[in-house]
Amino acid sequence: MTIVMKEEPASARRERGGRTVVEVDGARVGGGHFALIAGPCTVESREQMLEAARAVRAAGAHMLRGGAFKPRTSPHSFQGLGVEGLRLLQEAKEETGLPVVTEVMDARDIEDVREVADVIQVGARNMQNYTLLAELGRAGLPVLLKRGLAATLEELVMASEYVLEEGNERVILCERGIRTFEAAYRFTLDLLAVPVLRELTHLPIVVDPSHAAGRRELVRPMSLAAAAAGADGIIVEVHPAPGLAICDGPQALPTESFARYAEDVFRVAEVAGHLGCRECG
Ligand code: PEP
Ligand code: MN
């Protein structure tokens, strides 16, 4: 059975049949280019951010992640450093030269975020915030759109249309795990989404194994599986001291073993047909 979409999305229409390659300040995602995006869940401090950035850069990652505005389940949890976090991301970007991926939750923050972000992340909880998506379409920056916790692939593709409709074709789709009856891990990583989204759209597809796994032991095998499934990239959480992380520590890979992890992910991505991953950036 194949999905028959009720409406043909613009992301499916590509006459020359090619796939979209999203170019981000020298890094490329899609169309055979594999990107490793890594960094902490949340920007916590200058030391934490710089240490993480240096480690992921040394391991060959192509982009740096880090949240300054965090979508937390509880309003009593740390909500991110906000504008101060953006400043620290800027410093990490200047030092390492890595493009930055960071989340926007509120359209009122786009102006501040675009000063530093090379890719704007829309988190799972905002996948269907259509006014935010349209605003990001107009902002014109590349968008990394995460699949909602209970969204179908058709709903994800249709959400991406809100960005494309505004003339911004630089959208990266992200599978990050969906909610099922299974409670043995945080979310169920739906790796079938990778080849099926490839049938449905020409947009690049990356996988976030961290938020699905919830535990670092599960991140490496699921990263290798995602690369084997043909993902155009992986976005993964890394922390210099996971035990001290303010947010998502149990799923963070320690910086000290990250180079080995990256090496293995690149090898599998190459086997799956992606170009020399170490030169993708
Ligand atoms: C994140 O990337 O840190 C995050 C909160 O992701 P998600 O929106 O997928 O839960
Ligand atoms: Mn996180």
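1. A polar contact is a pair of N or O atoms within 3.5 Å; inside the protein, one atom must be able to donate a hydrogen and the other to accept it, and residues adjacent in sequence count only if both atoms are side-chain atoms. Ala 124 makes such a contact with ligand 1: a backbone N or O atom of Ala 124 lies 2.8 Å from an oxygen atom of the ligand.

2. Some ground rules. This is a predicted model, in which local features need pLDDT of at least 70, side-chain atom pairs count only at pLDDT 80 or more, and totals for chains, interfaces and linings use all residues. Residues are numbered from 1 along each chain as its sequence is written, chains are lettered from A and ligands numbered from 1 in the order in which they are written, and side-chain values use heavy atoms, with hydrogens and water left out.

3. An N or O atom in the side chain of Lys 146 is 2.9 Å from an oxygen atom of the ligand. For the side chain of Glu 237, the corresponding distance is 3.3 Å. Taken alone, ligand 1 exposes 300 Å², and the protein buries 96% of that (Shrake-Rupley method, 1.4 Å probe; for residues, only the protein chains shown count as cover).

4. Which residues surround ligand 1? They are Cys 41, Arg 65, Lys 70, Pro 71, Gln 121, Gly 123, Ala 124, Arg 125, Lys 146, Arg 176, His 211 and Glu 237 (near means that a heavy atom of the residue lies within 4 Å). By class, this shell has 3 nonpolar, 3 polar and 6 charged residues. Ala, Val, Leu, Ile, Met, Phe, Trp, Tyr, Cys and Pro count as nonpolar, Asp, Glu, Lys and Arg as charged, and the others, Gly among them, as polar.

5. Where does ligand 1 sit? It sits in the largest pocket. A pocket is an open set of points on a 1 Å grid over the protein atoms alone, where a 1.4 Å probe fits, with protein on both sides within 12 Å along at least five of seven lines. A molecule sits there if more than half of its atoms lie within 2 Å of the grid points.

6. Arg 65 belongs to the ligand shell and is placed in strand β4 (residues 63-65). Helices (H or I, at least four residues) and strands (E, at least two) are DSSP runs, numbered from the N terminus. Arg 65 counts as buried because its relative accessibility is 3%. Buried means under 20% relative accessible area, exposed over 50%, and partly exposed in between (1.4 Å probe, protein chains only). The side chain of Arg 65 reaches the backbone oxygen of Cys 41 at 3.0 Å. Cys 41 is also in the ligand shell.

7. Check two backbone angles. Most residues other than glycine have a negative phi. Asp 25 has a positive phi of about 45°. Asp 25 is in the loop between β1 (22-24) and β2 (27-29). With a relative accessible area of 56%, Asp 25 is exposed. Asp 248 also has a positive phi, near 60°. Its loop runs between β10 (233-239) and β11 (253-254). Asp 248 counts as buried, at 18% relative accessibility.

8. Now some helix residues and their C-alpha distances. Gln 48, in helix α1 (residues 46-58), is buried at 6% relative accessible area. Its C-alpha atom is 25 Å from that of Val 206, 158 residues apart along the chain. Lys 93 lies in helix α2 (residues 83-96). Lys 93 counts as buried because its relative accessibility is 17%. The C-alpha atoms of Lys 93 and Ala 53 are separated by 8.0 Å, with the two residues 40 apart along the chain.

9. Two further helices. Pro 195 lies in helix α6 (residues 193-200) and is partly exposed, at 34% relative accessibility. Pro 195 and Ala 229 are 34 residues apart along the chain, yet their C-alpha atoms are separated by 6.9 Å. Ala 213 lies in helix α7 (residues 209-213) and counts as buried at 7%. From Ala 213 to Gln 251, 38 residues apart along the chain, the C-alpha separation is 7.0 Å.

Notes
1 Å grid on protein atoms, 1.4 Å probe; cavity = no way out; pocket = protein on both sides within 12 Å on 5 of 7 lines; lining within 4 Å.
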